Amino acid sequence: MPERPELVFARTDGGAVTDLEEYVARGGFVALAKARAMEPDAVIAELEASGLRGRGGAFFPTGRKWAFVPKPDRLAKPHYLVVNADESEPGTFKDREIMLRVPFRFLEGCLIGAHAIAAKHVFVYIRGEYEREFEVLRSSLEQMHARGDLLGDVTIVLHRGAGAYICGEETALLESLEGKRGQPRTKPPFPAIAGLYAAPTAVNNVESITTVTVVFELGAEEYAQVG
């Protein structure tokens, strides 16, 4: 049985684990396997029980946000998971450290989220100035592609922003992803109903998505006790 991940990943190189085999050897992707063995509604229920809230600023319950995305049979549109990795708020760098040091834990969270909302496409909107972070994520994805069983039928796209501060707002980010000028949309409709390409979309922060992995590593009950 692998050691507790919160202890293991803090040991070498300041906690950086950028090699896939090392990540797997330390218990990586066990959380993904656990989540994929569950029905999407059960995954969302687990998140709700954990009490996980968004780390992008709004502190909205992550499980509840995902529950707003309609069931696949209700709307004949694809579902999308969009990760806000723009992090353009002055002085902020937490998402940068996650992408640099534990990229696989972040990408594992993306795949769990995709399963939960029945999305086949994940878009990571990363700040244009984050060149090293982009390269680390790209290398990590290449390693995962070499292991075809990890991604399954999910495509993860890395999209580099152009340094616009306003694109930290979720609907402005969606506009930019669609190739338009990054300006906030009028709401409603909300992204869960009409987000990217007018399809149901969940938009989450890098830290939120990464913490989803931790929830499934520890279990909702134990995570909820952490606070």
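Before the first entry, a reminder to myself: an axis here is a line fitted to C-alpha atoms, for helices over the stretch in contact, and angles run from 0 to 180 degrees between N-to-C directions. I also keep in mind that this is a predicted model.

**Entry: a helix pair**

I looked up how helix α4 (residues 40-50) meets helix α12 (residues 206-218), and found an angle of about 90° with the axes 10 Å apart. Angles of 65 to 115 degrees count as roughly perpendicular, so I note α4 as roughly perpendicular to α12. Which residues make this contact? From α4 I listed V43, E46, L47 and S50, and from α12 I listed V212, V215 and F216. Sorting the residues of this α4 and α12 contact gave me five nonpolar, one polar and one charged.

**Entry: the sheet**

Next I traced the strands. Four of them form an open sheet, in the order β3-β2-β1-β4, with parallel pairing. I marked β3 (155-160) and β4 as the edge strands, since each pairs on one side only. Ignoring direction, neighbouring strands in this sheet are turned by 20° against each other on average. For helix α8 (residues 131-146), I wrote down that the helix packs on the sheet and touches β2 and β3. The direction of α8 makes about 165° with that of β3.

How many bridges join β1 to β2? I found six between β1 (residues 80-85) and β2 (residues 121-126), and the two strands run parallel. Y80 stands opposite H121 in β2.

**Entry: T201**

I moved on to strand β4 (residues 201-205), where T201 lies. Is T201 buried or exposed? Its relative accessible area is 2%, and buried means under 20%, so I call T201 buried. I followed its side chain to two backbone atoms: the nitrogen of L196, reached at 2.9 Å, and the oxygen of A199, also reached at 2.9 Å. Setting aside neighbours within four places in sequence, I listed the contacts of T201 as V69, Y80, V82, L174, P191, A192, G195 and L196.

**Entry: helix α6**

Last, I looked at helix α6 (residues 94-101) and noted its buried residues as D95, I98, M99 and L100. What do they pack against? My list for the buried residues of α6 reads β1, α7 (103-117), β2, α8, β4 and α12.

Key
Residues numbered from 1 in each chain as written. Predicted model: local features only at pLDDT ≥ 70, side-chain atom pairs only at ≥ 80, totals over all residues. Heavy atoms only, no water. Helix = DSSP H or I, 4+ residues; strand = E, 2+ residues; numbered from the N terminus. Buried < 20%, exposed > 50% of the residue type's maximum accessible area, 1.4 Å probe, protein only. Polar contact = N/O pair within 3.5 Å; in protein donor to acceptor, adjacent residues only side chain to side chain. Contact = heavy atoms within 4.5 Å. Parallel < 35°, antiparallel > 145°, perpendicular 65-115°, else oblique. Nonpolar A, V, L, I, M, F, W, Y, C, P; charged D, E, K, R; others polar. Pairing = 2+ DSSP bridges.
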